[in-house]
Amino acid sequence: MLSGMLKMLIYLVISEKCINFAQLNNNKNMRYSGSKRKFIKELLPILLEDTTDETLFIDAFGGGMNVVCNVPLRKKYAVEINRYVHALWKCIKEKGLSSLNLPKNSDELTQEMYNVIKESYLNNDKRYPEYLIGFVGACCSYGGAWFNGYAKFNVKKNEDHIKEAYSGLKKQVDNFKNIESTLFFLDTYRSLGDKIYIPNDCVIYCDPPYFETKKYESDFDHIAFWEWVRMMSRRGIKVYVSEYTAPDDFKCVWSAKKHDGMGTTKTGRKQTVKTEKLFIYAG
C-alpha cells in the first residue's frame, strides 16, 4: 500500500491542485470536540483518491468543518445536526466572520457571560443569535465539547483560550477552500439520499459520535448508522467512517495513535491514548 505522503503527491500531480502542507499541519482552526485537524494531512489522500474536479464531497457530520474546509474540490456539502453550529457556519459564509462581532478574547466573553449564554440556550429563550450560541457552546468550552464549561484564561501559561478560539476560527475561515460553493445543510446524515439528492459517484466522509464515548447533545443510534453506511456503499458510493471500532464487515484503511481529551473538564485534565481509525465497507 502506498504511504500517505506518496498518495498525496500523486493526487497533487494528477489534479494539479495546490495544497499547502504547512498550512494543513499548523492551522489550529475551530476548536471542536473530536476534530480531525491533526490528521488531515494523512486523511486527505485517502478521501480524495480517484476524485475529479466534478466529484461531490460530502461531510455528513460537519461539526467544526475541519475536514471539509481542507478539501480542494468545488462541489461540497457539509451536513450538521446542531442548529447553532450550523448557524455559525451559514452566517460566516453569507455575511463574513467580521460582521458577526463574536467575542475575540476573555475580556469580551467572561465566565459570567458564558454562563448567561448557556442558561439562555438551555431555556431556549432566544435572547442571543444562534450563531453566537454556536461559537460560545463549542469554541469557548473545555475540549471543544458542547457547553462543557468555560475555557478560562490560563494564568500560569498566559493563555487566553477565548482569544485562541477566535483566532483559530478566523484562520480556518481565511483558508477555507471554496467556501463560496460549499452548501451547508441543517439536517442529519440520514437526509443524504433521501431529502438531499446525491449521485452514486460522490464521496461521503462520516465522523459520527464515537461508540461508548462522552454523550453529545442527543443520543446516537450506532446500529442504524452502520446499516445506512452499508446501504450507501452498496450503491457504489465511497463512504469513509472515522471511529475507534467498526462492525466485522468493515475494514480499516488507516490508523493513528492520539491523546483523547474528551474527559477534560474544569475539575482536572484526564487523557488516554487511543487509536483513531478510518473504515470502509468490505461487503
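Modeller: Helices (H or I, at least four residues) and strands (E, at least two) are DSSP runs, numbered from the N terminus. It's a predicted model, so to speak with caveats: local features need pLDDT of at least 70, side-chain atom pairs count only at pLDDT 80 or more, and totals for chains, interfaces and linings use all residues. Residues are numbered from 1 along each chain as its sequence is written, and side-chain values use heavy atoms, with hydrogens and water left out.

Colleague: OK, big picture: what percentage of the residues of the chain count as buried?

Modeller: The chain has 8 helices and 7 strands. Buried here means under 20% relative accessible area, exposed means over 50%, and partly exposed is in between (1.4 Å probe, protein chains only). Of the 283 residues, the buried share is 50%.

Colleague: And how much accessible surface does the chain have?

Modeller: Accessible areas come from the Shrake-Rupley method with a 1.4 Å probe, and for residues only the protein chains shown count as cover. Carbon and sulfur atoms hold 50% of the surface, and the total is about 14300 Å².

Colleague: Of the contacts with a separation of 6 or more, what percentage is between residues 24 or more positions apart?

Modeller: A contact means heavy atoms within 4.5 Å. Taking the contacts in the chain at a separation of 6 or more, the part from residues 24 or more positions apart is 68%.

Colleague: How many residues of helix 6 are buried?

Modeller: Helix 4, helix 5 and helix 7 are among what covers the buried part of helix 6. The buried residues include Tyr131, Phe135 and Cys139. Helix 6 is mostly covered, with a buried count of 9 of its 10 residues.

Colleague: Which residue is the bridge partner of Ala78 in strand 3?

Modeller: Two strands pair if DSSP finds at least two bridges between them. Strand 1 (residues 56–59) runs parallel to strand 2, joined by 4 bridges, with Leu56 opposite Lys75. Strand 2 also pairs with strand 3 (residues 182–186) in the parallel sense, over 5 bridges. In strand 3, Ala78 is partnered by Phe184.

Colleague: On to charges: how many salt bridges does the rule count?

Modeller: Side chains of opposite charge can pair when their charged atoms come close. The rule wants a side-chain nitrogen of Lys or Arg within 4 Å of a carboxyl oxygen of Asp or Glu. By that rule the count is 10.

Colleague: How many residues apart in sequence are the parts tied together by Lys238 and Asp50?

Modeller: Lys238 is partly exposed at 30% relative accessible area, whereas Asp50 is exposed at 65%. They form a salt bridge, with the closest N and O atoms 3.1 Å apart. Lys238 lies in strand 5 (residues 238–243) and Asp50 in the loop between helix 3 and strand 1, so the separation of the parts they tie together is 188 residues.

Colleague: Which residue forms a salt bridge with Glu130?

Modeller: Glu130 is partly exposed, with a relative accessible area of 29%. The link runs from helix 6 to helix 4, 47 residues apart. The closest N and O atoms are 2.9 Å apart, and the partner is Arg83.

Colleague: Last one: which residue's backbone oxygen does the side chain of Asn148 reach?

Modeller: Asn148 sits in the loop between helix 6 and helix 7. At 15% relative accessibility, Asn148 counts as buried. At 3.2 Å, its side chain reaches the backbone oxygen of Tyr142.

Definitions and conventions
Polar contact = N/O pair within 3.5 Å; in protein donor to acceptor, adjacent residues only side chain to side chain.
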